[in-house]
Each structure stands twice: as C-alpha cells, then as structure tokens.
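This briefing covers charged side chains.

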Amino acid sequence: MSELVLRETQGAVAVLTLNRPDKLNALSYALIDSLVAHLDSIEDDESVGAVILTGAGPRAFSAGADITEFSESIKQGPQAAVKAFVRRGQAMTARLEAFRKPVIAAVNGIAYGGGCEITEAVHLAVASEKAVFAKPEITIGIPPTFGGTQRLPRLAGRKRGLELLLTGDPFSAERAYEIGLVNKVVPHDELLPAAFALAQRILRHSPLAAARIITAVTRGLDVSIAEGLAIESEQFARMVPSHDTREALDAWLASRPAIYVGR
Ligand code: COA
C-alpha cells in the first residue's frame, strides 16, 4: 500500500501531501494518524522551519472525512463515533492550528468537509484558481465534526459561515479569499511556488519569534482582550532572554543581517 501522507523536504520546508488520489484524498482514520505522526516528527526536526500541506493527484486537496469508514463508526453509536471519528479529526485540526511552525495549505482542488476544515485550521492558505470548497456535511445529515462549526464562523463571520454550513453549496477560491479562508488565489501552475515563496518570507525571521506569534494568536483569539494581552506579554517575556532576540536587535543596531538559531 502506498503511503497515505508523503513527506518531502526542500531546504527548511517540509511538504506533506495527502495521498489517496483515487479517493480524492479522503481523510481515513489511518491517513489522519499518519498526518499527525508526520507533524510529531517535524516538530522535533530543527532543520524544518515551515510546512506546506497539499493534496496528491489532479483533482483534490481533500474531499473530507472518509464517509465509508466513519459511517461504520456511526452504526456503533454516539460514544464509538465520537471517539473514533470526531475526537480524532478535532485533534488533527487542533494540532495543525497550534503547531509551533507555520503551516501553509496549498489548496490544489476539491476542499470539502474535512479538507475545508484543514484549510480553516492551518495558519495560512494559498489556493489554486481551480480549488473549490464546500461544507457538505449537512447533505449527509450531520454537522461538521473537525471544527467546522467553530472555526469558519470565527473566520468568515457568523452569517457567512452559517450560509455555507446550512446550504452545503460549493464555493470558489475567489469566494474563499473574500471571506478570509485563504490568503491568496493563484493560477494552478503557480500554487506550490506561491506557497514556497510565502514560507520563505517567514523563514527570513527567527523561528522562535514565529512560534511565539502563532501561540499568542492561537491562544488569544478565543479569549477576552485583557487575557489576550496577558498571553502576548507572556510570549514576549519568554522571548526576551533568547539568543534570537539579542541577535535580531544587535543586527539591527549594526545594520547587518541577523543569524538565528531558534533559541
Ligand atoms: N469519503 C470516502 N470516499 C470518497 C469521499 C469521501 N469523503 N469523497 C470521494 N470519495 C471517493 C468516491 O467514493 C469515489 O470512489 P470510487 O471511485 O471507488 O467509487 C472517488 O472518491 C471519486 O469520487 P466521485 O464521487 O466518483 O467523484 P465526483 O467527481 O463524482 O464527485 C465530489 C466529487 C467531491 C462531489 C464527491 O466525491 C463527494 O460528494 N464526496 C463527498 C464530499 C463530502 O461530503 N465530504 C464531507 C464528508 S463529512
């Protein structure tokens, strides 16, 4: 059996490719577990500073959770279905959202259900003009389960989110850009170069500062502004004794490029 998630490293960027093209990269339990295992290994790998996540084949980023598989879990009742399906999927999107290295989705085609939820959860997203999104869970009689009822309304606003969640209608890459789901839409052939260019613009900076910013934004978004400011202050304070902060300030004062070590 071919690997469900492929990992390729180019410089300081790891490219993870969801790899079930004949099933439109549907997120089977094994594929989700494999994706999380790759993230675990990348987290400990100091040579990797950013992750690009994309889909194999000509058609899909991911058509969402594997319906054939999770419908079996649903037959076993709420407890089994929540454990095998919902908790697993929510843990994956939460892991992507809180990952300490920037994760960029390169959305190359169909991003339905869980494919859309991955796009919602990652830090940045670039979409091909060919990408098409949907929240089709309602058409199969369930609410979204990998964070889709929570992250999309927070990103796009309650009414825009509810329209997509309640109609299940597909929407274009351009619409995804308008509602804040993706950062940029590019011609299909320019998708991976655009994702790499974005990664490189981040990799110029201290990886530690990037991690602190991701943590502050992720933890701060769902709390009061006062709590958010406390998180910001804590992330700053933890950065103060670091080599990278000293180095960045020394480099600025000496008008020379900084050399970061991520500590
Ligand atoms: N889970 C499991 N298998 C899936 C899948 C999913 N979410 N999405 C697609 N597939 C499989 C199909 O069963 C088919 O397999 P087969 O060739 O062995 O029959 C293959 O991928 C190709 O999909 P197909 O439906 O034939 O392509 P299409 O172009 O006619 O339709 C979609 C594309 C995306 C509209 C359609 O596949 C679809 O609606 N998928 C489900 C999307 C969804 O509801 N996701 C949310 C799940 S919670």
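A salt bridge here is a side-chain nitrogen of Lys or Arg within 4 Å of a carboxyl oxygen of Asp or Glu. The model is predicted. By that criterion it holds 13 salt bridges.

**Links between helices H1 and H3**
- Arg88 pairs with Asp33, and their closest N and O atoms are 2.9 Å apart.
- This pair links distant parts of the chain: Arg88 lies in helix H3 (residues 78–98) and Asp33 in helix H1 (residues 29–43), 55 residues apart.
- Arg88 is partly exposed, at 24% relative accessibility.
- Asp33 is also partly exposed, at 37%.
- Glu43 forms a salt bridge with Arg95, with 3.0 Å between the closest N and O atoms.
- Here too distant parts of the chain are linked: Glu43 sits in helix H1 and Arg95 in helix H3, 52 residues apart.
- Glu43 has a relative accessible area of 31%, so it counts as partly exposed.
- Asp40 joins Glu43 and Arg95 in a network of salt bridges.

**A pair within helix H7**
- Glu178 forms a salt bridge with Arg175, the closest N and O atoms being 2.8 Å apart.
- Both lie in helix H7 (residues 173–178), three residues apart, so about one helical turn separates them.
- Arg175 is partly exposed, at 32% relative accessibility.

**Negative surface patch**
- Glu129, Glu174, Asp189 and Glu190 form a negative surface patch.
- Glu129 is placed in the loop between strand E7 (124–128) and strand E8 (132–134).
- Glu129 is exposed, because its relative accessible area is 56% and the cut-off is over 50%.

Notes. Residues numbered from 1 in each chain as written. Predicted model: local features only at pLDDT ≥ 70, side-chain atom pairs only at ≥ 80, totals over all residues. Heavy atoms only, no water. Patch = residues over 30% accessible without salt bridge, like charges linked within 9 Å, V, L, I, M, F, W, Y side chains within 5 Å. Areas by Shrake-Rupley, 256 points an atom, 1.4 Å probe, with all protein chains shown as cover. Lys, Arg positive; Asp, Glu negative; His and termini not counted. Charge placed at Lys NZ, Arg CZ, Asp CG, Glu CD. Helix = DSSP H or I, 4+ residues; strand = E, 2+ residues; numbered from the N terminus. Buried < 20%, exposed > 50% of the residue type's maximum accessible area, 1.4 Å probe, protein only.
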